[in-house]
Amino acid sequence: MPRFSVIVPAYRVQAYLHACLDSVLNQSFKDYEIIVVDDCSPDACGPIADEYAARDPRVSAVHLPHNSGLGPARNAGVARANGDYLLFLDGDDTFAPEALQTIADRLNATGGPDVLVYDYARTYWSGESVRNTFARHLAETGPASFRLAERPELLKVLMVVWNKAYRREFIEAEGFTFPPGYYEDTPWTYPVLMAAGSIAVLDAVCVGYRQRRRGNILSTTTRRHFDVFDQYDRVFAFIDARPELAVWRPVMFRRMLDHFSTLFTSRGRLPRGTRGQFFRLARAHCRRYRTPGAPVPRRARLRHGLFRLGAHRTYRALWAAQQLRGRLRRGTAALRRVVRGAVLQLHYRVQLRLPVRPSEAVFAAYWNRGYTCSPAAVEETARALVPGLRTSWICRPEDAHTVPAATRVLNPGTFAYWTALARSKYLVNNVNFDRRLVKRRGQVLLQTHHGTPLKTMGTDLVHRPAAAGSMDFETLLRNVDKWDFSLSANQHSTLVWERTYPSGYTTLEYGNPRNDVFRRTGPARIAQLRESLAVPAGSTAVLYAPTHRDYRRAQHHTLDLDQLVRVLGPHFVILARSHYLDTGSAARTVAGRPPHPQIIDVSAHPSVEELCLASDALITDYSSLMFDYVNLDRPVVLHLEDRQAYEAARGTYFDLEGFPPGAVARSQDELHEIFATDHWRGPRSAQRRAAFRARFCPYDDGHAAERVVRRVFLGDTSGLPLPLPTGGRGPTGVPRQVTVREYTNG
């Protein structure tokens with residue numbers, strides 16, 4: 001008897017059925033059966049089901065003689081099921097990687113409840129994935145299992161059949177079946193939850209709920225939406241047959257009215273000329289099943305009252321007025337933004353006419369994120385070395401906590417922000433400032449960049465549209481013309497920056513200030529960092545930091561961290577770090593699963609340098625982090641599974657496989673072998689790392705920020721602290737270094 005019976009109804013989903021079934025068959029958990037029910041589909045769903053059944057004995061295909069709808073199709077699957085638990089997956093949806101293992105683990109941990117409710121994410125054609133907005137109700141707090149009365153907020157989670165696992169013996173004992181018609185989930189999910197003796201929750205995304213542009217019932221205009229009335233008749237009949245469930249009648253009455261209201265106001269569902277009839281039937285149901293007692297939010301009271309009164313025209317008039325008010329509100333807000341923007345720019349123009357303040361400096365990094373990277377290192381050093389200097393940091397309000405107390409916080413787009421840009425003498429950033437910045441005579445702009453360039457940058461992207469996207473190269477070059485200084489970490493960077501960002505700035509080949517912390521941090525501080533990240537004592541911490549893929553909309557990565565953890569063993573932990581451009585993808589980096597005890601999501605940690613210090617090794621791909629990490633003389637492993645695609649879309653400045661900082665894996669299996677054989681930290685890996693460090697880190701001696709501050713802020717061009725001899729920190733053979741060079745236009 002399998003643990004799970006996965007029931008997949010299929011009707012007109014031939015374009016998605018392969019992905020649906022593959023998402024089950026590719027699970028690491030293998031104790032299941034798949035029952036594909038071909039609901040007499042006119043497309044290729046039947047042959048696809050037969051193909052999979054012939055290929056894998058765990059798959060069986062059921063062909064219905066005529067089209068019956070989702071409910072009867074699911075019933076046909078349930079009748080063939082042998083698993084301990086029933087799972088439903090629509091033919092156009094998918095299971096998340098490791099979903100079945102996660103569900104199985106949670107069922108075991110909660111004692112085998114009647115129903116397990118898990119989470120889902122809406123997935124779009126663009127690759128975007130948005131988690132259920134009511135996920136907070138699935139928090140795994142309190143008792144492992146419970147009755148619905150103990151957590152009634154579960155009813156706020158989408159009432160569908162496919163986000164739950166059902167104990168088959170419970171379903172059979174209660175005699176639950178699906179009715180025909182639209183909204184067949186309603187008379188199944190509510191009665192199941194009300195009758196369940198034990199319910200558990202799983203706070204993990206297990207299902208990808210595909211949002212089809214056309215073809216699903218929610219985007220279909222048909223009278224079959226009237227089936228909703230029969231479905232609620234069935235719900236109340238179930239409650240009436242069980243006196244002990246009478247307490248749920250007021251709740252179901254309120255949810256029924258909410259459902260009717262949603263259907264009535266949804267565009268494109270009810271056919272033209274049927275809204276009056278729908279409203280009359282809704283009024284009849286209100287009178288038939290009215291049961292006061294459930295609290296109704298203030299915003300819904302009027303809607304419910306109008307349904308009970310049958311005030312169809314009043315309801316439509318108020319709804320139209322509400323829509324109009326919403327449009328007016330949005331228009332007014334847009335007008336306010338335009339006016340405020342104009343006032344801010346007028347304020348900025350006034351400030352530009354006032355004197356520059358020689359003792360003020362403004363810093364920012366990564367498009368106004370928190371206190372980080374080389375600008376932060378330079379700011380800290382400048383405060384210490386430059387007498388009377390007042391510094392400000394531009395960042396979003398949510399990142400203000402990362403800024404030191406001695407530094408003023410500027411929120412982007414405020415009057416103080418524009419004043420600081422207009423009147424501060426020093427402007428420091430690792431990307432460009434606002435394109436509207438007017439570079440004044442007497443202002444000094446330092447561009448620190450954010451890493452040694454491996455991937456193609458700047459004007460070299462002209463012929464790489466996949467990577468350049470909507471980049472405006474004319475605007476880019478106008479911004480570059482504002483630079484006074486361009487900071488370079490090594491000769492390679494100098495040559496790339498001067499070619500790809502051509503202008504008249506001065507190149508400062510001084511090293512990478514953000515790496516100074518690697519030379520100053522001792523064992524005690526590293527131990528504190530590891531403890532703050534919950535790295536178990538005695539464990540080997542591997543930092544996984546993949547870079548952004550320009551050629552992908554969905555930033556999922558090919559590395560399966562769960563498989564890697566199993567290979568590494570119990571004494572390893574993985575610190576999973578998403579790229580800063582991949583907003584919201586942290587969950588996808590770890591496959592949307594609940595926290596694994598050996599996988600720690602550190603994407604929100606404000607300092608990547610601290611993560612480097614806290615780790616024992618790095619796994620990356622094309623990230624510039626490798627150039628920084630080798631300063632720690634700790635192992636680096638490259639996972640280059642998609643190298644051809646990355647090279648085609650973005651391109652690199654040198655052959656990374658020919659000159660890597662450590663071991664190179666071209667697939668997940670090769671990565672497993674590298675760690676299984678200890679090649680990741682062997683002598684060959686150490687030799688590669690030393691050569692890489694000698695070539696790219698000649699100035700990373702812990703004093704790069706000091707050199708920058710003395711040159712830019714203090715105007716000291718002589719007697720600057722020199723890097724330590726490279727022979728003391730790595731192998732010989734360092735390429736000839738270029739001295740600091742100054743360029744003038746023409």
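A: Begin with exposure: buried means under 20% relative accessible area, exposed over 50%, and partly exposed in between. The model is predicted. Val 339 has 45% relative accessibility, so Val 339 counts as partly exposed.

Q: Where is Val 339 placed, and which residues make a nonpolar surface patch with Val 339?
A: Val 339 is in helix 11. Together with Leu 335, Val 343 and Phe 415, Val 339 makes a nonpolar surface patch of about 350 Å². Helix 11, residues 312-352, gives the largest share of that patch, with three residues.

Q: How many of the residues in the chain count as buried?
A: The chain has 746 residues, and 55% of them count as buried. One case is Leu 437: its relative accessible area is 3%, so Leu 437 is buried.

Q: Where does Leu 437 lie, and what does Leu 437 touch?
A: Leu 437 lies in the loop between strand 13 (424-429) and strand 14 (444-447). Leaving out residues up to four places away in sequence, Leu 437 touches Tyr 348, Leu 421, Leu 427, Leu 445 and Lys 482. Leu 421 is 16 residues from Leu 437 along the chain, and their C-alpha atoms are separated by 7.2 Å.

Q: At what angle do helix 7 and helix 9 pack?
A: Angles under 35 degrees count as roughly parallel. Helix 7 (residues 227-240) and helix 9 (residues 275-289) pack at about 10°, and their axes are 11 Å apart. That makes helix 7 roughly parallel to helix 9. Among the residues that meet are Val 228, Phe 229 and Phe 236 in helix 7, and Phe 278, Leu 281 and Tyr 289 in helix 9.

Q: How many salt bridges does a search of the whole structure find?
A: A salt bridge is a side-chain nitrogen of Lys or Arg within 4 Å of a carboxyl oxygen of Asp or Glu. The search finds 39 salt bridges. One of them joins Arg 525 and Glu 610, whose closest N and O atoms are 3.3 Å apart. Arg 525 lies in helix 18 (residues 523-532) and Glu 610 in helix 21 (residues 608-614), so the pair ties together parts that are 85 residues apart in sequence.

Q: Are Arg 58 and Asp 56 buried or partly exposed?
A: Arg 58 forms a salt bridge with Asp 56, with the closest N and O atoms 2.9 Å apart. Arg 58 is partly exposed because its relative accessible area is 23%. Asp 56 has a relative accessible area of 14%, so Asp 56 is buried.

How values were computed. Residues are numbered from 1 along each chain as its sequence is written. This is a predicted model: local features need pLDDT of at least 70, side-chain atom pairs count only at pLDDT 80 or more; totals for chains, interfaces and linings use all residues. Side-chain values use heavy atoms; hydrogens and water are left out. Patches are made of residues with over 30% relative accessible area and no salt bridge: like charges are joined within 9 Å, nonpolar side chains (Val, Leu, Ile, Met, Phe, Trp, Tyr) within 5 Å. Accessible areas come from the Shrake-Rupley method with a 1.4 Å probe; for residues, only the protein chains shown count as cover. Helices (H or I, at least four residues) and strands (E, at least two) are DSSP runs, numbered from the N terminus. Buried means under 20% relative accessible area, exposed over 50%, partly exposed in between (1.4 Å probe, protein chains only). Axes are lines fitted to C-alpha atoms, for helices over the stretch in contact, and angles run from 0 to 180 degrees between N-to-C directions. Angles under 35 degrees count as roughly parallel, over 145 as roughly antiparallel, 65 to 115 as roughly perpendicular and the rest as oblique. Contact means heavy atoms within 4.5 Å.
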